[in-house]
Amino acid sequence: MPIKIPADLPAYDVLTREGVMVVDPDQAARQDIRPLRIGLLNLMPKKIQTENQFARLIGATPLQIDFDLIRMSEHQTKNTAAEHMESFYRPFDEVAASGDKYDGLIITGAPIEHLDFDAVTYWAELERVFAWTQSHVHSTFGVCWGGMAMINHFHGVKKHMLPAKAFGCFRHRNMAPASPYLRGFSDDCVIPVSRWTEMKRAEIDAVPGLRILLDSDEVGPCLVEDTTRRALYIFNHFEYDSDTLKQEYDRDVANGTPINVPCNYYPGDDPARPPQNRWRSHAHLLYGNWVNQIYQTTPFDMNAIGG
């Protein structure tokens, strides 16, 4: 089954060209099934790129998905056209006031990890989002800074500054092969990493109900299951395109920002050579497993979500 997104959303053409099944709302309405409703709270500056990345992973599953785009009400983006935001995004205040419920919600990262959480301009609203998920979302997936913010809000786990940016592709161990979220995973896998902060393994292990699913000796915990909050937190970037790390590296070089060549990314660590994608299959596995787990456990009556 396909993902349902507006035909004029840029992701529609991108995914269609890649062979991902997409339908517009009129086509989807003729299918006599209950689609899963998944929202994307997009905190990234490059909104369209992030939409494409997550729609690609969610749209590869064999279920019909209603994919809703959500933004913070109190924060105006400077990097995406206002017309795009007005056409395709709902402010969170509007979503909350509507009483709408979601089978799944993805909360993205944001390039603000150097700030304390309570110094973020929209932190108060984001805390309202976290509280709202407990009554209106069946399963929440926090990504990178979004995952760090969630685990801090719900459990007080702190983020710690790194002496140098963790930047590149790093091997991670499968710590829970029997987890439904890691079904089909190898014993280890490569994941793109791009962050200045980390969450400490010992601090996560000390919290009842938290379980580390993917871990790395080099860059620490990656994927954490939170059974008490029906949530997953991932601190790295399975959703990245093949050239996303390259874009970040080229940007910093052009700006004169000190940056290391991303580890284990370019063949021979040579930025003149095209990077190789070694994480795509596991990315599809993880997000496909998450959607499947939602499908298996979410109430058929959406009014029962959060009950």
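Two strands pair if DSSP finds at least two bridges between them. Helices (H or I, at least four residues) and strands (E, at least two) are DSSP runs, numbered from the N terminus. I kept in mind that this is a predicted model, where local features need pLDDT of at least 70, side-chain atom pairs count only at pLDDT 80 or more, and totals for chains, interfaces and linings use all residues. Residues are numbered from 1 along each chain as its sequence is written, and side-chain values use heavy atoms, without hydrogens and water.

**Entry 1: strand E7**

I looked up the neighbours of E7 and found that E6 (residues 102–107) runs parallel to E7, joined by five bridges. Leucine 105 faces threonine 140 of E7. From E6 the chain passes through helix H6 (residues 123–136) to E7, a right-handed β-α-β crossover (with the strands pointing away from the viewer, the path from the first strand over the helix to the second runs clockwise).

Strand E12 (residues 231–234) also pairs with E7, parallel and over four bridges. There, phenylalanine 141 is opposite leucine 232.

Is E7 buried or exposed? Seven of the seven residues of E7 (residues 137–143) are buried, so the rest of the structure largely encloses this strand. Buried means under 20% relative accessible area, exposed over 50%, partly exposed in between (1.4 Å probe, protein chains only).
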